[in-house]
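Thanks, everyone. I have one structure to go through today, so please look at the screen and I will start.

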Amino acid sequence: MRVLIIGGGIGGLTTALALHAAGIDCEVFESAEEVKPLGVGINVQPHAVRELIELGLGPRLAATGIATQEVRYANRFGQTIWSEPRGLAAGYRWPQYSIHRGRLQVLLWETAVERLGAAIHRGKRLVDFSQDADGVTLRFADGGTARGAVLIAADGIHSIVRQHFYPDEGPPRWEGCLLWRGTTLAPPYLSGASMVLAGNRDRKFICYPIAREPDGQVLTNWIAEERYAPGTAWAREDWNRRGQAADILPMFGDWHFPWLDVPGLIQGAPAIYEFPMVDRDPLPRWTQGRVTLLGDAAHPMHPIGSNGASQSILDARWLARQLVQQPTLDAGLAAYEAARRPATAAVVEANRGDGPDRVLDMVHARAPSGFTDLDTVIPPEELVAVAAGYKHIAGLDPAALNGRESWSVPGGLRDIAMK
Ligand SMILES: Cc1cc2nc3c(=O)[nH]c(=O)nc-3n(C[C@H](O)[C@H](O)[C@H](O)COP(=O)(O)OP(=O)(O)OC[C@H]3O[C@@H](n4cnc5c(N)ncnc54)[C@H](O)[C@@H]3O)c2cc1C
């Protein structure tokens, strides 16, 4: 059985590594001619880090990202609302990594090439596919074709496979929030590995370090968000569209916290990218015959709660396990979808309600000009409930994750982890 994977992003490449480790023959087709470290920072949560470590990627991850130690929520004056330890410090058996998205993709690409060799293709843009009783045939823009038993579409938010199955779906759903993203070399702040979310859902600033530099500075990833009135015109989402510091400084120019210089971070970025915060409604079905969706193709979500890449990694590992453990291919695909579709739909839904960032909105509504005593604004148990509720939805409850069995398929994976 040969599994064909469209898309060499984080989801597609993890799928290839997971299938290979489970002893399943597979091939990846990525449209880009060259895999370059594009994008800015993302977070990989402990449940997804566990999967990557069990695929033997622990040392490379540790050398590429920063193990996040805490998350801190603050108002737009820099007053702390909530902070909690993250990753190992929070009692997980696996760290959380803040990491450059493109460097993670390159790390996965290089590992996939090392392990799967000629089965990893670039410059192969899928334009069409068809299926019959025996499998799936792919057709590429360069005129080439490929044939396999199954197609996994990990081709991102503009998935043409999803569009094939849902031709009337239209563009992703935008509720008026624009994101500007950048990375800036800056001195470390707080713990040196702190993720900060400040403001509220109408105007928010997020930052976290993603790499340590030899001179003691940290490469700090930041995201500035602004919400516009419904109906405002917007440009089609493109991860590589450039923005300007002048677009956002009027909104964040006076956000000088005692421990963080927000305008300094914005001004120091060599490049700024603009992206609308979009998602899509959860689908009633991912699998049609021998074709299924994975990652952003299946469940694009608001980048809140740091879950986009993590959920695609979980998809990949669960899919590989089910393809091995279920008695037939069709049963494997069904078991994959039965678990992952409702799980990710719940995260899409929670992120629309601002996920764990809801504490910012609650405090802003009650104390828009700041506070002297936080407990009179919001009781600690309310803060605890929001954080715990989201962890439960996202599958991030520490005790549940630490206690659950490995998704590794006995045999092959242990061999890879030891290499
Ligand atoms: C260039 C880029 C930059 C990004 N930057 C950020 C960021 O800064 N912050 C953030 O939170 N998220 C970012 N993302 C999204 C993030 O990577 C995903 O949300 C998450 O990792 C899930 O990944 P995925 O593999 O499902 O989708 P993606 O990461 O989108 O990967 C999809 C892959 O499929 C390929 N592809 C698409 N169509 C075809 C086709 N027809 N044939 C063959 N291959 C195809 C694409 O080139 C891409 O490599 C970015 C995505 C991309 C592509």
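Before the strands, one term: two strands count as paired if DSSP finds at least two bridges between them. By that criterion strand 12 and strand 21, residues 291-293, are a parallel pair with three bridges. Keep in mind that this is a predicted model.

Let me stay with strand 12. Leucine 151 has valine 291 in strand 21 as its bridge partner. Strand 12 also runs parallel to strand 1, residues 2-6, and four bridges join the two. There, isoleucine 5 is opposite isoleucine 152 of strand 12.

Now the overall picture. The protein contains 14 helices and 21 strands. Its radius of gyration is 21 Å, close to the 22 Å given by the globule rule for 419 residues, so the protein is as compact as a globular protein of that length. Along the principal axes, the C-alpha atoms fill a box of roughly 65 × 45 × 40 Å. Of the 419 residues, 48% are buried.

Strand 10, residues 135-140, is antiparallel to strand 11, with four bridges between them. Valine 136 is bridged to glycine 148 in strand 11.

On to the ligand. Which residues are closest to the ligand? They are Gly7, Gly9, Gly39, Gly156 and Gly295, out of 31 residues that surround it. By class, that shell consists of 13 nonpolar, twelve polar and six charged residues. Helix 1, 10-21, and helix 8, 308-325, each contribute at least two residues to the shell.

Last, helix 8 itself. From first C-alpha to last, its 18 residues reach 26 Å, close to the 26 Å expected at 1.5 Å a residue. Helix 8 is also mostly covered, with 16 of the 18 residues buried. So helix 8 takes part in the ligand shell and is mostly covered as well. That is all I have.

Definitions and conventions. Residues numbered from 1 in each chain as written. Predicted model: local features only at pLDDT ≥ 70, side-chain atom pairs only at ≥ 80, totals over all residues. Near = placed C-beta within 6 Å. Nonpolar A, V, L, I, M, F, W, Y, C, P; charged D, E, K, R; others polar. Expected span 1.5 Å × (residues − 1). Buried ≥ 20, exposed ≤ 12 C-beta atoms within 10 Å, placed from the backbone. Rg over C-alpha atoms; globule rule 2.2 N^0.38 Å.
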